[in-house]
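Let's take a walk through this model, one piece at a time. Keep the viewer open and follow along.

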Amino acid sequence: MATVEKQRQRKYRVLGTRPVRHDGVDKVTGRARYGADTHLPGMLYAAMLRSPHAHARIVSIDTSAAEAMPGVHAVVTREDFPDVSNRIVELGEGAVNLGHLSQNVMARNKVLYKGHAVAAVAADSIHIAREAAQRIRVEYEILPPVLDVLEAMSDDAPVLNEDVRTEEFGGGTGDRPTNVAKHFHYEKGDVEAGFARAAVIVEREFRTATVHQGYIEPHAATALWNPDGHVTIWTCTQGSFTARQQTAELLGLPVSRVRVIPTEIGGGFGGKISVYLEPVAALLAKKSGRPVKLVMDRSEVLEGTGPTPGSYIRVKMGADRDGRITAAEAYLAYEAGAFPGSPINPGCMCIFACYDVPNGRIDGYDVCVNKPRTNAYRAPGATNAAFAAETVIDEICEQLGMDPLEFRLKNAAVEGTRRIDGVTYSRIGMKETVEAILNSEHYRSELKGPNRGRGVASGFWFNVGLKSTVVATVNPDGTVSLVEGSTDIGGTRTSVAMQLAETLGIAAEDVQPLVADTDSVGYTDVTGGSRVTFSTGIAAIEAAKDIQRQMCERAALIWDCPVDQVRYEDGRVVGPDGQAFTFKELAALVPSTGEPIVGRGTSGKANQGGAFATEVVDVEVDPDTGKVQILRFTVAQDAGCAVHPSYVEGQMQGGVVQGIGWALNEEYIYDDQGRMLNNTFLDYRIPTCYDVPMIDTIIVEVPDPNHPYGVRGVGEVPIVPPPAAIANAIYRAVGVRMDRLPMSPPRVLEKILQSRAAAPAQ
Amino acid sequence: MAKKRVVSAVINGEPTDFLCEPRQTLLEVLRDVLDFTGTKEGCSNGNCGACTVRLNGRIVDSCLVLAVECDGAEIETIEGMAGPDALHPLQQAFLEGAALQCGICTPGFLVAAKALLEENPNPTEQQIRFFLAGNLCRCTGYDKIVRAVQACAAAASEH
């Protein structure tokens, strides 16, 4: 089960090697400080009171009993939050309605899901804070909840937000309150003519359940509010600048009054971009005059933060005899949760993105339901969509009697292919990932045994560019200190440092990366959208070029020659008459020959070309229980240029296992009143290491022309294909087509029993 | 609030006296009273293993142990794993094998894996997976964690 890696020409000295990560020792010794590890002198501990109802009007809140408790220093409720208008602001990875964000952080007139924050208490200990929170009396007028996306779209459904009107894509707004916040519509070619030409047409409906990112570290924020109005916040966030902006906006402060110090972050996957605790901790700190730490417990994470949406998807696809797609149509409805903002648009854009579809139509709806406000989760919106589209493709292949990978090869999107949503691809590696699986030992091996099956699926994710800043200082010992604004979730300190090292021609170990706070480094967007190695990498390359330029100037000064006779080459500064300095030699001379050498790099213009993955899985299904066991899994993914192959493999393996959890176990289980019944890690069951095999990886490298070294982001796309690949494998194993996630034992067994009942008696 | 109790324990080889309320868990005391923040809190109900420590040699979820139960006990945390000059071979294997991404589950995995290798120096892949099933990791997909434990066991058996 060895990890396979494509052999390639070694063009680079540093890129493609596997140095030990710079923050590694801190993380294996327990010294790294995460969100909840912040401790300040005189610090208070805070706890939240959350709504027990999925939908209710708040009639009154009485905090007097809590405030009277010894050891309680401050209580905050909706009364303490400024009224922010329904302004839309760009927060790095998508626009956010500030009014809704503020209402999500602290409920105002209504609670819209069980777990919605209603009040918070700061006290001498967490135990006192929790006890006091329970003494707050809230009078609710309970309203009927709506939990299903299609029910929420109907005219007689209870409406969550009175201010929501349907926004039509390309203009136009509905005239009455509704749960349907947005309608997206994309069209290409002549869909009816395309279907008329098809030899095979398959149309199916799918459902997927709400799932959570499931990072192991709960959200945590600690705030200090100085009497001069300056606020400092320590938080485990995916973006310190977006945390600063959101906190400042919700508190009505200028951003310069808020300093966000990012701690280490124990996983995020998109779920640690929105603020939940930061503004609350800040207001408690203001009221109490003391630093305040606010940490969620696991059930608060599941019930009070943003999972990814449950969905309803209908897909229709046609292909001709030769296996060419002639037309495709999709209808997607995603649960936004309490407030608008599900990843429905990326879902629409991803659903057929792997293929060259000549005629297509996609409609997508963003729908409010009484569940937590959804948030990004690794390739947000794409996994739901791929489950539907890639399962339909498998059925078409079966009817055509065609190998599913040959079908994908035949229809694969390539450079120049225009997606249904209008985007034309630059150089991409979809085809290469299919070929990699087609040629893999795994796919060529024979799978034997009863109730076993093999399935494949492909997936697409955009990857984003956005803005980053890097500052790099040359030290006299020949090393470089690198300061960046990108919080490091999975080893990006190292992947960014390696690009600076490559550009300067020095060792990765000679770069010391540091993630700085919002007052110490230039603006940097969130760690999300698989962007950091790409975009902060570009900023690091720019900083290295700035250093090269200054080193050349310095050498010209020392050699007393014109600077245009000096060039930077292979880690050396080379001048006229065979004169040369190694980087280390010249670095040692910097302090005695002039001003410090500090390189500066920013990025923000480049956009990524997109990432693709194709995956194959072998499963065994227990026909008596419906339990699905993963026997073997191989993922092929286009990494463009694998900067640190171990961490690229790690992203692929981690994404796949999250996808396996999504496919087989994970779901929010609700009662009819909207109460989550499985709000612990015991019952919301993410995969353990006993549930999965080794995950074999094939790194494909089709360089992205938008990056100097061809880097593509690798974090998100591997999660996209697993549910579909596993569904297709289950079909091969036991002959039932799965149309619902998760494919948990009861669901699979139900399908098996239905198919037995339908089969003619023997 | 109940009166605080004095508890005497040996933590990472050091005799340590601390005061705690009867309702405080070992996890809370380690983190908030004694500043051993290397032991992490992921769920507080024994489902994730981030707070794994050794208590009299056994691995336990410290969120499920009351601190007052630890009077006279020997406790080992992640902070006691490395020597002053060198990392423990497992810590080194995790670094070299890229067996961590965000790192929040890493202390728990290391404490548990150390207990495994002391009990069974040459575990099979299945034995490793079974033993570590109480520790959740959401980033790595477990592949490189299992391989790091295998590599450490293989290196030890060569010596």
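Predicted model: local features only at pLDDT ≥ 70, side-chain atom pairs only at ≥ 80, totals over all residues.

β4(A) and β8(A) run antiparallel and are joined by 4 bridges. If you want a residue pair to click on, Val75(A) has Val121(A) in β8(A) as its bridge partner. How buried is β8(A)? In β8(A), 7 of the 7 residues are buried, so the strand is largely enclosed by the rest of the structure.

Carry on to the pairing of β2 (residues 44–50) with β16 (residues 292–295) of chain A, which is parallel and spans 3 bridges. Here Tyr45(A) sits opposite Lys293(A) in β16(A). Helices come into the picture too.

Next, switch to chain B and find a pair of helices. Two packed helices are described by the angle between their axes and the distance between the axes. For α2 (residues 89–96) and α5 (residues 143–158) of chain B, the axes come within 9 Å and cross at roughly 130 degrees. α2(B) and α5(B) are therefore oblique to each other, and their crossing is right-handed. Which residues of α2(B) and α5(B) meet? From α2(B) come Pro89(B), Leu90(B), Ala93(B) and Phe94(B), and from α5(B) come Ala148(B), Ala151(B), Cys152(B), Ala155(B) and Ala156(B). By class, this contact has 9 nonpolar residues, no polar ones and no charged ones.

In the contact between the chains, 44 residues of chain B touch 43 residues of chain A. On the chain B side, the elements giving two or more residues are α2, α3 (106–119), α4 (125–131) and α5 of chain B. That side of chain B divides into 23 nonpolar, 12 polar and 9 charged residues.

While you're in chain B, have a look at Phe18(B), in strand β2 (residues 14–20) of that chain. With 18 other C-beta atoms within 10 Å, Phe18(B) is partly exposed. Beyond its neighbours within four places in sequence, Phe18(B) is in contact with Val7(B), Val29(B), Val33(B) and Leu34(B).

Back in chain A, Thr166(A) is in the loop between α5 (149–153) and β10 (167–168). Is Thr166(A) buried or exposed? It has 21 other C-beta atoms within 10 Å, so Thr166(A) is buried. Setting aside neighbours within four places in sequence, its contacts include Thr173(A), Val180(A) and His183(A).

Finally, a bit of backbone geometry. Most residues other than glycine have a negative phi, and most peptide bonds are trans. Leu466(A), not a glycine, has a positive phi of about 60 degrees; it sits in the loop between β20 (452–461) and β21 (468–474) of chain A and is buried, with 22 other C-beta atoms within 10 Å. Asp577(A), also not a glycine, has a positive phi of about 60 degrees. Asp577(A) is in the loop between β25 (572–574) and β26 (580–582) of chain A and counts as exposed, with 8 C-beta neighbours inside 10 Å. As for the peptide bonds, the one from Leu741(A) to Pro742(A) is cis, with omega near -5 degrees. You'll find Pro742(A) in the loop between α19 (722–734) and α20 (745–758) of chain A.

Terms used
Residues numbered from 1 in each chain as written. Chains lettered and ligands numbered in written order. Pairing = 2+ DSSP bridges. Axes fitted to C-alpha atoms, helices over the stretch in contact; angles between N-to-C directions. Parallel < 35°, antiparallel > 145°, perpendicular 65-115°, else oblique. Left-handed = near helix turned anticlockwise from the far one by under 90°. Contact = placed C-beta atoms within 7 Å. Nonpolar A, V, L, I, M, F, W, Y, C, P; charged D, E, K, R; others polar. Buried ≥ 20, exposed ≤ 12 C-beta atoms within 10 Å, placed from the backbone.
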